Each structure stands twice: as structure tokens, then as C-alpha cells.
Amino acid sequence: MFDDEEGMKIAYEEALKGYEEGGIPIGSCLVHEDGTVLGRGHNMRIQKGSPTLHGEISCLENCGRLKAEVYAKCTLYTTLSPCSMCSGSALLFKIPRLVMGENVNFQGAEDWLQKNGVEVINLKNEKCEKLMAKFIEERPGDWYEDIGESEK
């Protein structure tokens, strides 16, 4: 049986890939309840010059078109608490479960997800937290741009 640590391992691999490409280290994967990994991706905003290609969006894009009944049996894994855009995508496709690596470096729309019936789990993954903190320290301007804020 597929477990949350396996899903987070894939999401972390994607985050690391993004970091190594010079991008923002946020990774994601979508896993069906039968254990099939339907897609994976990482934040590509910098690499592709995109305003919206966050890790979760990249993952969903890489899944291709799926029917509503497929999304309804999936878990979305993400290394960081999802922003409102990514949370909105999870709600739009009625993904019932979201597992995040951490929310120390950023807390997104977790409450909104929960209020709309999504099961939200925080693994408090130290590797995810350290990689994100390292990136924020190294490149604060890129980080604040990613979350739609002015650099502090």
C-alpha cells in the first residue's frame, strides 16, 4: 500500500530538482488511492518565466486531463503549504486529501481547504523545511515574488 512518506519522497525529489535547476524548491505529486502516481512536478515559474506554474499546478499539468471520478480518489502531495491558487485547484477538482511537507516557512490556505471538506495533513518534514528555508535565505526576492509579496 502507498503511504504518505512515499508520496512526500516523490514531492521532495521534485523540489530538489527545481532547486538544482535554479528554481523555487517546491515539489508535488498526485497519487491515486490504488497507489498509481498520476503525475509529478515542481515549481517552474523561474525556469519558464511563468506567473502561475507553482509546484502543484505543474504536477496537475503533468497529469494531463483526468475525469472528476479520478481526482475524487487522489491525494495531492506538496512539500509546502499550498497557496490560495494551488488550494483553489485542489478544490476545483475535488481532490479530497492534501498532504504537505511543512508550513513553517509559509502557511497557505489550509483553513480554506479544511472548511471545504479536504483532509489536510502536515508531515512536518524536516528536509522540506530546511530546503525551503535555505532557498528563502539565498534568494528572498524570488521567494517573495513567488508568493505575491514585496520583498521585506
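**Exercise 1.** Decide whether E14 is buried or exposed, then find its salt-bridge partner.

*Solution.* Start with accessibility: E14 has a relative accessible area of 7%, and buried means under 20%, exposed over 50% and partly exposed in between (1.4 Å probe, protein chains only), so E14 counts as buried. This is a predicted model, where local features need pLDDT of at least 70 and side-chain atom pairs count only at pLDDT 80 or more, while totals for chains, interfaces and linings use all residues. Residues are numbered from 1 along each chain as its sequence is written, and side-chain values use heavy atoms, with hydrogens and water left out.

Next, look for the partner. A salt bridge is a side-chain nitrogen of Lys or Arg within 4 Å of a carboxyl oxygen of Asp or Glu. R40 meets this rule with E14, their closest N and O atoms being 2.7 Å apart. Because R40 lies in strand β2 and E14 in helix α1, the pair ties together parts 26 residues apart in sequence. (Helices, H or I with at least four residues, and strands, E with at least two, are DSSP runs numbered from the N terminus.)

**Exercise 2.** Work out which elements are tied together by the salt bridge of R40 and E13.

*Solution.* First check the distance: N to O is 2.9 Å. Then place the residues: R40 is in strand β2 (residues 37-42) and E13 in helix α1 (residues 4-20), so parts 27 residues apart in sequence are joined. Finally, R40 is partly exposed at 31%, and E13 is partly exposed at 37%.

**Exercise 3.** State how many salt bridges the rule gives.

*Solution.* The count comes to 8 salt bridges.
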